[in-house]
Amino acid sequence: MRILITGGSGCVGYYLVQSLLEAGHELVLVVRSPEKLPPEVRAHRSVQILPVDLRDIGAIRPALAGVQAAILVATAWGGPDAEAVIRDANLALTDALVAAGCGHVMYFATASVLGRDGRLLPQAAALGTEYVRAKFGLVQAMETRASAQTRITGLFPTLVFGGIPDNAFAPLSHFARLLLQVRPYLWLVRLLSAEGRLHIIHAADIATVTRAEVESAGQGGVARVILGNPATSADDLVRAACRHFGKRRLRLFTLRRGLAEVLIKLFRIQLSPWDRYCMENPDQSYADAVNPAAYGLPVAMPDLGAGFISLGVPPVR
């Protein structure tokens, strides 16, 4: 299958490109900086590289002939370009792909724009960051592109783990970097208890699910796929980290909303409207989140301990 991919040099993109090449697919990679791709990918006979900006549709259009599926991963994390890249560029590319006969367009959104029931969350549009608002608008507009001949699949990652330390071609995800930065403070974190439920998923598992979806013979229409391991509590994550690093879990302080408000005032913490909404709604779990197990496929990171091991951090016995 001839598949176009944007964002192939990012954390998720690294695993996705590797997985699809292993499966024998032909890839068209749209990347601004080809040097960020592994040398073996750049030299692969089944890879065509377009070293252009996602917004340069004119430069991309000639390569769309014969593209059967597309996976749009590239994004912007905020700032003035957020809507132009996340929404406008992806829509323009999708329109060009559909016009060229591409039957399946998959795009990456974020689970933050969905409520627990999987429907679009109005608060994400009203209160979200530039990134969240742009992703919300992307979902709304992308789904109007679906037809009997064109399948539009939205991929909604939860907290993404992944990357390989000291490997410039497999950058760490934001969440993986955060956990590594928090590790020295585990002695303090182990004393705290907090409300909240959430999902995590490894980028390798995202790639596995994406490959399964792109290889499926689905009909036209709209699909939403929320990506995450089974939901876990914030306390369970701390407990798993303590177990991995051989620390005793103590739970001396519970960070309930009232105490959080006191700390916010005491330390003059500035919360955005979206930060406050998330604090007031700590259950960020989804009934329909899936990982590779839902497709009968192996899971690379079934739990947090496996995630730390993937980062080269062995358990302490």
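Leaving aside neighbours within four places in sequence, aspartate 205 is in contact (heavy atoms within 4.5 Å) with Pro292, Pro298, Val299, Ala300 and Met301. This aspartate lies in helix α9, residues 203-215, where helices (H or I, at least four residues) and strands (E, at least two) are DSSP runs numbered from the N terminus. Aspartate 205 has a relative accessibility of 0% and counts as buried; buried means under 20% relative accessible area, exposed over 50%, and partly exposed in between, with a 1.4 Å probe and protein chains only.

The model is predicted: local features need pLDDT of at least 70 and side-chain atom pairs count only at pLDDT 80 or more, whereas totals for chains, interfaces and linings use all residues. Residues are numbered from 1 along each chain as its sequence is written, and side-chain values use heavy atoms, with hydrogens and water left out.

**Salt bridges**

The structure holds eleven salt bridges, each defined as a side-chain nitrogen of Lys or Arg within 4 Å of a carboxyl oxygen of Asp or Glu.

| Pair | N to O distance |
|---|---|
| Glutamate 143 and arginine 224 | 2.7 Å |
| Arginine 249 and aspartate 235 | 3.2 Å |
| Glutamate 215 and arginine 211 | 3.4 Å |

Glutamate 143 lies in the loop between α6 and β6 and arginine 224 in strand β11, so this pair ties together parts that are 81 residues apart in sequence. Arginine 224 is partly exposed, at 32% relative accessibility. Glutamate 215 and arginine 211 both belong to helix α9, four residues apart, about one turn of the helix. Glutamate 215 is partly exposed at 36%, as arginine 211 is at 26%. A further group, Asp53, Arg55 and Asp81, is linked in a network of salt bridges.

After α10 comes glycine 246, with a positive phi near 65°.

**Strand β11**

Strand β11 (residues 221-227) is mostly covered, five of its seven residues being buried. Seven bridges join β11 to β6, and the two run parallel; strands pair if DSSP finds at least two bridges between them. Threonine 153 stands opposite alanine 223 of β11.

**Nonpolar cores and surface**

A nonpolar core is a set of buried Ala, Val, Leu, Ile, Met, Phe, Trp, Tyr and Cys residues joined through side-chain atoms within 4.5 Å. In the largest, which has 46 residues, Leu4, Leu97, Tyr107 and Phe156 touch the most other members. Elements giving two or more residues to this core include β2 (26-30), α4 (82-99), β6 (151-157) and α12 (273-280). A second, separate core of 34 residues includes Tyr14, Leu29, Ala69 and Met106.

Aspartate 166 is a residue other than glycine with a positive phi, near 65°. Aspartate 166 sits in the loop between β7 (159-161) and α7 and is exposed, with a relative accessible area of 87%.
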